[in-house]
Every structure is written in structure tokens, then in C-alpha cells.
Amino acid sequence: DIHDEDVDIYLLRDCTSWELLGQARTTEDNEHVSVLGIEDTGGRVFFQIPADKKLGIGRHRIHFVVKGDLSTADQFIQVLPAGARVVVSDIDGTLTTSEYAQVWDVLLKISPEAHPGSPQALWALARRGYYFYYLTARPEFLGARTQEWLAERGFPPGISHTTLSHNGASGDAALAYKLAHLDDLAQRIGRVPDYAFGNKESDVAAFTQAGIDPAHCYYFELDGDAQQGVVHQDYQGLVSQFESLPLVCP
């Protein structure tokens, strides 16, 4: 963590034009109250976007620059229209060919492969008007790498969330983490996601308890109880199915 350092905050509005939003200072431990469930563990930036620079509907990139050493970090914010339809997807084992893809990526610098047809299947939904929310129980430090990997493998752009822990989560901890985020998402957009993709029983439990239609929950090679979800082994076989869906027009 870097504490008590000035940070310039820039906005790439609608991913087209840069502007300076303002400046903030990285925190000491517990200096700031929690916001949206984000506790102040130190070295964080809490910044209120000025009213005259309010974000409109669309996808926006925030670029943070530490003035002391010019190190940087990025954040993406997506402002959705009313009635937006959302697809949620796990990543490791669901989109990657290995459940432990993050380990090979970090330790061996091997970029994981994606399951054949998975980018095409998700793009078929994106072209019908669905927005994407990638929800992974990876540790926080893999946030930027996760976004990079999704772009490298050609997945639709979307918002990705990791845990705020150093080690990530699994089992009951992963279930609690994902369910909390799904509940928060439903409150924000006024509806549960329309489609969901996972590969573990914790995904089944999270999607079921979140109220997502089991017929729209797809589990890759799940070895367990899908509770009326769709267990599949081939994303390519889903492409034509999704391409035939009606357009959604929020």
C-alpha cells in the first residue's frame, strides 16, 4: 500500500475523450468510512465525482496517477440504462480451460486458454443487447490482469469484480461473496441477471439463491447438482441458440 500520496484522477468519458476529474490522497488504515462495502484498509482512494462531471449512460475508464512516482491504476465504470439486461459469468474453469488458471498466469506467466467457443457464445448474447458482469472469486491483485485476459481472449467488454482479499475465496466463502454481489447488482438495476455461467456448486448455489432462472444458468462440465440448470460441454453449441434470441431494448 502507498499511504498519504496525492493521486490525479482522469476520466476517459464514453471511452472517447480524456478530462481531469480532480485529485485525491491515498488513505491511512481506517481513515475513511466504508463505501459500498469497501472497507478502508489503507492505500485506497475515495473520490466523489463532481456533480458537473456526472457520468452519463455508457462505459467510462478512470485513470489514477500517483504524483510521487507516476505509477498508475485503472477502473471501469458502466452506467446502464433503465431496464438493462445483464449476463453474469464466473471466469476460472467457466471461461478458462483450467480452474487454476490464475496460478499459471501469475507464477509461470502463461496466459490461460479460453474454452473453445466461449467468447463467441457470450458475444452472441452481447449482440442481442445484454451487458456483461464478470464475477470471480480471484484475489484483489488480479483485478487488472483479469480485465486484460478477457480482452486478450476476445470476450465482450464488461465490468469485472474480484474479492478484496489477498488469497481469493472458495467454497462457502466464494458463495457468500458472489451472492452479496448479485444481490447488490439486482438492487442497482432493479432486476436479477437474465443469464448466468458457472462451473462449480458454489456457482449453482449463488445463482439459485439470487433468483436467476435455472433454465438460463449454464454450467460447464459441472460434476454435481445443477438444480434444473443447464450442464453443457460445448460453448460452440450455444452460439446459434443465443443468436436466435430476440433483441432486448432497454
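Let's start with the open sheet: four strands, in the order β2-β1-β3-β4, with antiparallel pairing. Two strands count as paired here if DSSP finds at least two bridges between them, and the strands themselves are DSSP runs of E with at least two residues, while helices are runs of H or I with at least four, all numbered from the N terminus. At the edges stand β2 (17-25) and β4 (72-79), each with a single partner strand, so one side of each has no neighbour in the sheet. On average, neighbouring strands are turned by 25° against each other, direction ignored.

Before I go on, a word on the source: this is a predicted model, in which local features need pLDDT of at least 70 and side-chain atom pairs count only at pLDDT 80 or more, while totals for chains, interfaces and linings use all residues. Residues are numbered from 1 along each chain as its sequence is written, and side-chain values use heavy atoms, with hydrogens and water left out.

Now to β1. Strand β1 (residues 6-13) is joined to β2 by eight bridges, and the two run antiparallel. Leu 11 has Glu 19 as its bridge partner in β2, and Arg 13 stands opposite Ser 17 in β2. The two strands make a hairpin with three residues between them, and Asp 14 in that turn has a positive phi of about 55°. On the other pairing, six bridges join β1 to β3, again antiparallel, with His 63 in β3 as the bridge partner of Tyr 10.

Staying with backbone angles for a moment: most residues other than glycine have a negative phi. Asn 30 has a positive one, near 60°, and is found in the loop between β2 and β3 (58-66). At 67% relative accessibility, Asn 30 counts as exposed. Glu 221 also has a positive phi, near 50°, and lies in the loop between β9 (217-220) and β10 (230-232). Glu 221 is partly exposed, with a relative accessible area of 48%.

On to helix α2. Seven of its 10 residues are buried, so α2 is largely enclosed by the rest of the structure. Among those buried are Pro 119, Leu 122 and Ala 126. What covers the buried residues includes β5 (86-89), β6 (131-135), β8 (195-198) and α6. After α2 comes Gly 129, with a positive phi near 110°.

How do α2 and α6 meet? The axes of α2 (residues 118-127) and α6 (residues 236-243) come within 8 Å and cross at roughly 10°. These axes are lines fitted to C-alpha atoms, for helices over the stretch in contact, and angles run from 0 to 180 degrees between N-to-C directions. The two helices are therefore roughly parallel, a label for angles under 35 degrees. Gln 120, Ala 121, Ala 124 and Leu 125 in α2 meet Leu 238, Val 239, Phe 242 and Glu 243 in α6, where contact means heavy atoms within 4.5 Å.

Last, the rings. Ring pairs link Tyr 130, Tyr 195, Phe 197, Tyr 218, Phe 220, Tyr 235 and Phe 242 into a cluster; rings of Phe, Tyr and Trp (its six-membered ring) pair if their centres lie within 6.5 Å. Over the whole structure, the search finds 10 aromatic pairs. Thanks, everyone!

How values were computed:
Angles under 35 degrees count as roughly parallel, over 145 as roughly antiparallel, 65 to 115 as roughly perpendicular and the rest as oblique. Rings of Phe, Tyr and Trp (its six-membered ring) pair if their centres lie within 6.5 Å; planes under 30 degrees apart count as stacked, over 60 as edge-to-face and the rest as tilted. Buried means under 20% relative accessible area, exposed over 50%, partly exposed in between (1.4 Å probe, protein chains only).
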